[in-house]
Amino acid sequence: MQKTFRYGVLCAFAATLGLAGVVRAADDGVIKGKVIFKGDTDKFKRSPIDTSKDANCKKPIGSWDVILNKKTDPITIKNVVVSIKEGLGDKKFPPKTEPFKLTQKDCQYDPHIIAVMEDQPVKILNGDDTNHNIHFLPKKNTEENFSQPQKDEVTGKELKFKLEEPFKVKCDVHPWMGAHVLVFTHPYFAVTGDDGTFELKGLPPGKYVVEAWHEKFGTMKADVEVAAGKPAEKDFTFEPK
Ligand SMILES: [Cu+2]
């Protein structure tokens, strides 16, 4: 008798929550896909970089602006930043607290794309036995420009960027060095890896505008609807001339 009564109370409570809309689908929506290249790959070959200006930059390196994965059909593109552009409303998200590590290694930036949330620490390290002068060139955020003359792969220097924008980074000692920072107000962004794929996880079900950004090929947008429990698939195709 007692058990039946408790069960009844529980059911009534659950029903009330459901009717009031308190119980809602978990934010487990996913958008995944790949970024495809269509065109003449010979026009976008990586070129070797002359680092002879600094005898400490010994490792042969190549250009980063276009990196294609030709092993798959279709051909895909690395270092494309895919993010939610519209559809999150006024929702605020706490910044990621895990520092993003940016290392100057072999006289290049590792990684080449620094995609972070606003106020997320960016930890800048020097993995080389040479002087680097890192120079951030934002339009909205504060410009930063400092030297790291000694190898330091542990302490480094931490910065935070406050405002959403893409901007360049360069080294004032080694003119070939370049990278890009993209700052987001939310955690729904991803950078395509060697295989050209991306995945945005933990999204509430809904309708979104998704943007793909590439430093040379520009931006593309697409409407994507996310349903609970079923990944939405969306590929982007760049056709540069
Ligand atoms: Cu440098």
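These are my notes from looking around a predicted model.

**Entry: the core**
I started with the largest nonpolar core, which has 44 residues. I looked for the members that touch the most others, and they turned out to be Val-80, Val-81, Val-82, Ile-114, Val-116 and Leu-200. Strand 9, covering residues 113–117, gives the most to this core, with five residues. I also checked the domains: the core takes at least three residues from each of domain 1 (26–93 + 188–241) and domain 2 (94–185).

Then I picked out Val-80 and skipped anything up to four places away in sequence. That left Val-35, Thr-192, Ala-212, Trp-213 and His-214 as the residues Val-80 touches.

**Entry: His-135**
Next I went to strand 11 (residues 132–137), where I found His-135. Is His-135 buried, exposed or partly exposed? I got 17 other C-beta atoms within 10 Å, so His-135 counts as partly exposed; buried would need 20 or more, and exposed 12 or fewer. Ignoring neighbours within four places in sequence, I listed the contacts of His-135 as Asn-145, Val-169, Lys-170, Cys-171 and Asp-172. I also checked Ser-147: it sits 12 residues from His-135 in sequence, and their C-alpha atoms are 8.6 Å apart.

Last, I traced an open sheet with strand order 8-7-10-13 and mixed pairing. Strand 8 (108–110) and strand 13 (152–159) are its edges, each pairing on one side only. I followed strand 7 (residues 100–105) to strand 8: they run antiparallel and are joined by three bridges. Across from Lys-105 I found Gln-108 in strand 8.

Notes. Residues numbered from 1 in each chain as written. Predicted model: local features only at pLDDT ≥ 70, side-chain atom pairs only at ≥ 80, totals over all residues. Core = buried A, V, L, I, M, F, W, Y, C linked by C-beta atoms within 7 Å. Helix = DSSP H or I, 4+ residues; strand = E, 2+ residues; numbered from the N terminus. Domains from an automatic or database assignment. Contact = placed C-beta atoms within 7 Å. Pairing = 2+ DSSP bridges.
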